[in-house]
Amino acid sequence: MIIGSLSVRLLVRESRTLKDKRQVVRSILDRVRGGFNVSAAEVDTHDDVKVATLAFAAVGFDGPAVRGVLNDITEALRKHPVAEYLGGETAVGHEVV
């Protein structure tokens, strides 16, 4: 079994309040979960009105396929109309059972 993770930082320029940011973050998380069949959560910068740190996890039997899903998520986030992609880190490896 191969486990992959992706951590990204997004800038929500038009956000004025935490409520504004939460609406954008919730929308992104729901869309990515549904479109890519991965786990997703906001993991840091909870109190920052403009910056969101999100993490995604994917599991599969083929390392390149897991990495491909995470790369597809990265590309989708780069094209997001409201949140600007600031950077991210991907890790893919084996789980020891």
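Where do Glu75 and Arg78 lie? Both sit in helix 2, three residues apart, or about one turn of the helix (helices are DSSP runs of H or I with at least four residues, strands are E runs of at least two, both numbered from the N terminus).

The model is a predicted one: local features need pLDDT of at least 70, side-chain atom pairs count only at pLDDT 80 or more, and totals for chains, interfaces and linings use all residues. Residues are numbered from 1 along each chain as its sequence is written, and side-chain values use heavy atoms, with hydrogens and water left out.

In total, the structure holds four salt bridges. One of them joins Arg13 to Glu84, with the closest N and O atoms 2.4 Å apart. This pair ties together distant parts of the chain, Arg13 being in the loop between strand 1 and helix 1 and Glu84 in strand 4, 71 residues apart.

Another pairs Glu42 with Lys21 (3.1 Å, N to O), linking strand 2 (residues 39–44) to helix 1 across 21 residues. Lys21 is buried, at 2% relative accessible area (buried is under 20%, exposed over 50%, partly exposed in between, with a 1.4 Å probe and protein chains only). A polar atom of the Lys21 side chain also lies 2.8 Å from the backbone oxygen of Asp48.

How values were computed:
Polar contact = N/O pair within 3.5 Å; in protein donor to acceptor, adjacent residues only side chain to side chain. Salt bridge = Lys/Arg side-chain N within 4 Å of Asp/Glu carboxyl O.
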